[in-house]
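Me: I would like to go through this chain term by term. For each label, give me the value, the cut-off and the conclusion.

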Amino acid sequence: LAGTRIIYDRKFLLECKNSPVARTPPCCLPQIPGVTSPAQPSLVKLGELKEQNESEETMPGEQPGHRIPC
């Protein structure tokens with residue numbers, strides 16, 4: 001048995017994009033930042049990374065610019 005093919009015309013599809021139902025996400029959709037919800041960078045995490053990078057640049061007893069490669 002073959003399935004039925006549904007064909008929509010352009011006008012109908014353009015009207016659907018303005019429908020309130022098309023603008024409402026499903027209730028069980030998971031919240032994934034940057035995918036299903038707007039990306040919100042963590043300011044706390046960015047601050048921690050900045051502090052870590054600054055502390056790695058000049059360690060105590062080390063002269064700036066004279067780093068030993070790992």
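**Labels and cut-offs**

Reply: Phe 12 has 38% relative accessibility, so Phe 12 counts as partly exposed. Buried means under 20% relative accessible area, exposed over 50%, and partly exposed in between (1.4 Å probe, protein chains only). This is a predicted model: local features need pLDDT of at least 70, side-chain atom pairs count only at pLDDT 80 or more, and totals for chains, interfaces and linings use all residues. Residues are numbered from 1 along each chain as its sequence is written, and side-chain values use heavy atoms, with hydrogens and water left out.

Me: Why is the pair of Tyr 8 and Phe 12 called stacked?

Reply: The count is one aromatic pair. The ring centres of Tyr 8 and Phe 12 are 5.4 Å apart and the planes are at 15 degrees, so the pair is stacked. Rings of Phe, Tyr and Trp (its six-membered ring) pair if their centres lie within 6.5 Å; planes under 30 degrees apart count as stacked, over 60 as edge-to-face and the rest as tilted. Tyr 8 is partly exposed, at 47% relative accessibility.

Me: What makes up the nonpolar surface patch?

Reply: Ile 6, Tyr 8, Phe 12 and Leu 13 make a patch of about 420 Å². Patch residues have over 30% relative accessible area and no salt bridge; nonpolar side chains (Val, Leu, Ile, Met, Phe, Trp, Tyr) are joined within 5 Å, like charges within 9 Å. A salt bridge is a side-chain nitrogen of Lys or Arg within 4 Å of a carboxyl oxygen of Asp or Glu. Leu 13 has 47% relative accessibility and is partly exposed. Leu 13 lies in helix 1 (residues 10-16).

Me: Which elements have the highest and lowest mean pLDDT?

Reply: Helix 1 has the highest, 93, and helix 3 (residues 43-57) the lowest, 71. pLDDT is the predictor's confidence in each residue, from 0 to 100. The chain averages 76.

Definitions and conventions:
Accessible areas come from the Shrake-Rupley method with a 1.4 Å probe; for residues, only the protein chains shown count as cover. Helices (H or I, at least four residues) and strands (E, at least two) are DSSP runs, numbered from the N terminus.
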